[in-house]
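Take a look at the model before reading on.

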Amino acid sequence: MKTITLINGDGIGPEISDAVVKIIDAAGLKIDWDVQTAGADVIDREGTPLPARVLESVRKNKVALKAPVTTPIGKGFRSVNVQLRKELDLYANLRPCKNLPNVKTVFSDVDLVVVRENTEDLYAGIERQVDENTAESIKIITKKASERICKFAFDYAVKNNRNEVCVVTKANIMKLSDGLFLNTFREVSQAYSQISAREILVDNLCMQLVQKPSQFDVLVLPNLYGDIVSDLCAGLIGGLGVAQGANIGTDCAVFEPVHGSAPDIKGQNKANPTALLLSAIEMLRYINEFDYAKKIEAALFKTLKQNICTPDLGGSADTLTFTDAVIANL
Ligand code: NAI
C-alpha cells in the first residue's frame with residue numbers, strides 16, 4: 001500500500017479532504033494516509049504553523065495531498081504554503097485550466113496550463129521597515145531558478161503534446177529582474193525547436209485572457225504574476241472551486257487546489273471539493289495509478305453532467321451530497 005502525506009488544512013480544508021479521501025477509498029484504491037496537521041491551529045501546541053514532522057513526512061513519502069491552510073494577513077508567522085514550497089524546493093507550480101462538463105463559463109474553449117516559478121521573486125520574503133512610513137520588499141530573480149522553471153515548462157509542453165510556451169513578464173519596466181527571466185527563457189527555448197516560444201507583457205496577457213483565452217497554451221511566469229494570473233485563469237473555468245494545482249520539485253510533489261481556506265464558508269457543508277479532487281486525480285497520475293485516476297475523473301464528470309454541483313457553481317448540492325453522488329457514479 002502506498003503511503004501519502006495528507007495535510008488536511010484548516011477552514012474548509014478538513015471538509016474537502018474528508019470528501020476526497022472518501023471518494024478515493026470508494027474507488028477501491030487503498031492508500032495509507034499519513035495525516036499531518038499544520039497551520040494556525042497547531043501554533044499553540046507546537047510553536048510553529050509548519051512543524052518539522054510535516055516536512056519529514058513529505059520528504060519520506062515523496063508525495064503529499066494538501067488542503068488549504070490559512071495565512072494571517074499582515075503580521076505573525078510566514079505562510080505555511082510559501083514555506084513548504086521553499087523548504088522542499090518545490091520549484092514548479094503547475095495549474096492546468098480546462099473547461100469542465102456542464103460548468104457554465106464565458107468561454108468554452110479554455111485549455112491552458114499555468115507554470116509558475118515557486119521559490120523566489122517578491123515571495124522570497126525579504127522585507128524590511130525602512131522607517132515608520134516606508135516598507136520595502138525585495139524582488140529576487142536568479143538565473144538558476146529562471147532556467148529550471150523555463151525548462152520545466154518546455155519539457156511539460158513536449159510531454160503533453162502542447163505547441164507553444166509563452167513567457168510572461170514586465171521586462172519593459174523591470175529591465176534587470178524580469179529581463180533576466182525573459183533572457184533565460186530565450187536561451188532555454190533554443191533547445192526546443194518543436195515548441196513555439198512566445199513573449200507577452202503581463203498586463204496585455206490579462207486583457208487577452210479575458211477576451212480570447214483559447215490563444216494560450218502553456219504560460220510560464222515568475223512567482224507573483226503566476227499567482228495572480230492563475231486565479232484569473234481559475235475564473236475562466238468556473239472559479240476557485242474547480243481550479244487544481246500541483247507543486248513539483250526534484251524529489252517531492254505536493255498536490256493542492258489553487259483556492260485558500262475559504263473562512264467565509266467554513267463548517268457550512270457548502271465547499272466544493274472538486275478542486276482538491278482534481279488535484280488528487282493529477283496526484284494519482286503522478287504515482288502511476290492511471291486507471292484509478294480515469295475512474296474517479298469519469299465519476300466526477302458524470303456528476304457534473306447530471307447537474308449535481310455545489311452553490312459556487314450555481315447548484316444546490318452540499319459537500320456531502322456532492323461527494324456521495326461522485327461515489328455513486330464510480
Ligand atoms: P479563498 O480562496 O479562501 O476564498 C476566496 C473565495 O472563494 C471565497 O468567497 C470562498 O468562499 C470561495 N471559495 C474558495 N474555495 C472554495 C471552494 N472549494 N468551494 C466553494 N467556494 C470556495 O481566498 P481568501 O479568502 O483570499 O483566503 C483565505 C485564506 O486562505 C487566507 O488566509 C489565505 O492566505 C489562505 N490561502 C491559502 C492557500 C493555500 O493553502 N494554498 C492559497 C490561497 C489562500
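With 330 residues, a compact globule would have a radius of gyration near 20 Å, and the chain agrees because it comes out at 20 Å; that radius is taken over C-alpha atoms, and the globule rule is 2.2 Å times the number of residues to the power 0.38. Along its principal axes, the C-alpha trace spans about 55 × 45 × 40 Å.

Keep in mind that this is a predicted model, where local features need pLDDT of at least 70, side-chain atom pairs count only at pLDDT 80 or more, and totals for chains, interfaces and linings use all residues. Residues are numbered from 1 along each chain as its sequence is written, and side-chain values use heavy atoms, leaving out hydrogens and water.

What is the chain built from? Eleven helices and twelve strands, which are DSSP runs (helices: H or I, at least four residues; strands: E, at least two) numbered from the N terminus. Of the 330 residues, 53% are buried, meaning under 20% relative accessible area, while exposed means over 50% and partly exposed lies in between (1.4 Å probe, protein chains only).

Most residues other than glycine have a negative phi. Alanine 262, not a glycine, has a positive phi of about 40 degrees, and sits in the loop between strand E12 (253-255) and helix H9 (274-286). Asparagine 307 also isn't a glycine, yet its phi is positive at about 70 degrees. Its loop runs between helix H10 (290-305) and helix H11 (319-328), and asparagine 307 counts as exposed because its relative accessibility is 54%.
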